[in-house]
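Colleague: Could you walk me through this fold? I'd like to ask my way from the overall picture down to single residues.

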Amino acid sequence: MQEHYDIAVVGGGLAGSVAALAAAAEGWRVAFIAPQPPRQDGRTTALLSGSVDLLSGLGVWAAVEPASAPLRTMRILDGTTRLLRAPPVSFRSSEIGLDAFGYNIPNQPLLDALQAAIAETPLIERFESPLVHAAQSADTVDLDLVDGTRVTALAALAADGRGSKLREDVGIRVRTWSYPQTALVMNFSHGIAHADTSTEFHTEQGPFTQVPLPGKRSSLVWAVKPDQVDTILAMPREALNLEVETRMRSILGKVEVEGDIQAWPLSSLIAHSFGTGRTMLVGETGHAFPPIGAQGLNLGLRDIMQAMAALKAAGGPAQAPAAVRAFHRERWLDVTSRTAGVDLLNRTLLSSFLPVQALRAGGLAVLSALPPLRALAMREGMTPGWRKARQQPAA
Ligand SMILES: Cc1cc2nc3c(=O)[nH]c(=O)nc-3n(C[C@H](O)[C@H](O)[C@H](O)COP(=O)(O)OP(=O)(O)OC[C@H]3O[C@@H](n4cnc5c(N)ncnc54)[C@H](O)[C@@H]3O)c2cc1C
């Protein structure tokens, strides 16, 4: 059996699901190749305002907003015991004229809302069988699924994650590297209100980051050494509650960890190219790095916006090769600068080398002392290239 589509989206994680809806919103017929995920995603995602705008435009935000909490202050505290320690730095959205930087949303309700919207979109056809082989010709991308179905499309978006089969079959290589870190992910309730503030403690093992959820609840991403994971997972809940409260310096009062704890080994990946032929890489297929500063999925959603813009500018999926070349050029700076920035910050946490500590502490001290520089960093964190856009004359 062979089916023909304008766009094939491979992978049904957050990036692939948004990509399928975004392509259908352009009026294109979409093949969504998305096997059911092996487990529930216990993480939360801090979505910056540009990402929230995208979800609103796709009609999904209203369904997930009640499960989300606004992020109005992002605070960095040095939680190391090193000789050189950085001063606290707080970034407030009001300093750059915004009500909130964005919203923290649990991944699973977000994914469920995206899948429900996809099921109601006539232009999207879902295939639950995984991709087993892909090949590109001058005119199409041909995708063979495990169940024997062949899907043919004018363009493909590879959103099948770090180990992407589509990326491999179209010949794009990646650079990968790992860190001696695993992120433990959990939600907790607390006695004191979080006041829409996220606090990122920088520790010798990496970030320990609390992010607000609705009510007196928060999510936590706690980077630990891989050999500490089993010990922490085996802790009696009372002891774990106390450990989290102590590491939070009791700023949110008494802590009660809820439900399961998930462990995510940390590594980075960057593709040598973000597209070739008729195929573009979106989300973690093209780039991945540790969860510092809420960048990963936000970067992936910018890939999707740029992919749509490039396809439209080129004249639609039939002109995919021109769109793919433009997409690669446009994404390069944003992706490489975020990947390098997060990698550098993470390494400065892990390194006990004094000059490296001085660099990190000095950088944060400058940000703490200079409001204009802090505002610049906030604007760049929210919208890459905002200064370039501001300088361009209106069309
Ligand atoms: C602890 C942690 C906290 C994070 N917090 C944030 C945050 O606050 N803000 C932020 O912006 N980012 C955050 N991130 C990053 C964010 O979670 C990821 O960028 C995002 O989940 C990646 O989504 P994805 O769809 O690109 O990849 P994935 O979720 O990996 O999806 C890939 C999909 O492809 C499917 N697939 C695989 N092989 C095939 C195949 N052969 N055929 C078809 N389908 C296939 C898989 O089943 C899967 O569904 C965090 C990451 C971690 C680890």
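**The chain at a glance**

Modeller: Of the 395 residues in the chain, 44% count as buried. Keep in mind that this is a predicted model.

Colleague: How many helices and strands are there in the chain?

Modeller: Both kinds of element occur, with strands at 19. The helices number 12. So the tally, by the DSSP runs, is 12 helices and 19 strands.

Colleague: Among contacts between residues at least 6 apart in sequence, what share joins residues at least 24 apart?

Modeller: Take the contacts in the chain whose partners are at least 6 apart in sequence. Of these, the share that joins residues at least 24 apart is 73%.

**Helix H1 and its partners**

Colleague: Are H1 and H8 roughly parallel or roughly antiparallel to each other?

Modeller: Helix H1 covers residues 14-25 and helix H8 residues 296-314, and they pack with their axes 10 Å apart. The angle is about 25 degrees. Angles under 35 degrees count as roughly parallel, so H1 and H8 are roughly parallel.

Colleague: Is the crossing of H1 and H8 left-handed or right-handed, and which residues make the contact?

Modeller: The crossing of H1 and H8 is right-handed. From H1 come Leu 14, Ala 15, Val 18, Ala 19, Ala 22 and Ala 23. From H8 come Leu 297, Gly 300, Leu 301, Ile 304 and Met 308.

Colleague: In which sense does H1 pass H4, and which residues make the contact?

Modeller: H1 passes H4 in a left-handed crossing. The H1 side is made by Leu 14, Ser 17, Val 18, Ala 20 and Leu 21. The H4 side is made by Asn 107, Leu 110, Leu 111, Leu 114, Gln 115, Ala 117 and Ile 118.

Colleague: Over how many bridges do E3 and E7 pair?

Modeller: E7 spans residues 102-106 and runs antiparallel to E3. Thr 44 stands opposite Pro 106 in E7. The bridges between E3 and E7 number five.

Colleague: Through how many residues does the hairpin join E9 to E10?

Modeller: E9 (residues 131-136) and E10 (residues 141-145) pair in the antiparallel sense over five bridges. Leu 131 stands opposite Leu 145 in E10. The hairpin joins E9 to E10 through four residues.

**Loop residues**

Colleague: Which residues is Gln 295 in contact with, leaving aside neighbours within four places in sequence?

Modeller: Gln 295 lies in the loop between strand E19 (287-288) and H8. The C-alpha atoms of Gln 295 and Val 342 are separated by 8.6 Å, though 47 residues apart along the chain. The contacts of Gln 295 are Arg 338 and Val 342.

Colleague: Is Arg 249 buried or exposed?

Modeller: Arg 249 sits in the loop between helix H7 (237-247) and strand E16 (255-271). Its phi is positive, near 55 degrees, in a residue other than glycine. Arg 249 has 11 C-beta neighbours inside 10 Å, and so counts as exposed.

Notes
Residues are numbered from 1 along each chain as its sequence is written. This is a predicted model: local features need pLDDT of at least 70, side-chain atom pairs count only at pLDDT 80 or more; totals for chains, interfaces and linings use all residues. Axes are lines fitted to C-alpha atoms, for helices over the stretch in contact, and angles run from 0 to 180 degrees between N-to-C directions. Helices (H or I, at least four residues) and strands (E, at least two) are DSSP runs, numbered from the N terminus. Angles under 35 degrees count as roughly parallel, over 145 as roughly antiparallel, 65 to 115 as roughly perpendicular and the rest as oblique. A crossing is left-handed if the near helix is turned anticlockwise from the far one by less than a right angle, and right-handed if clockwise. Two residues are in contact if their C-beta atoms, placed from the backbone, lie within 7 Å. Two strands pair if DSSP finds at least two bridges between them. A residue is buried if 20 or more other C-beta atoms lie within 10 Å of its own, exposed if 12 or fewer, and partly exposed in between; C-beta atoms are placed from the backbone.
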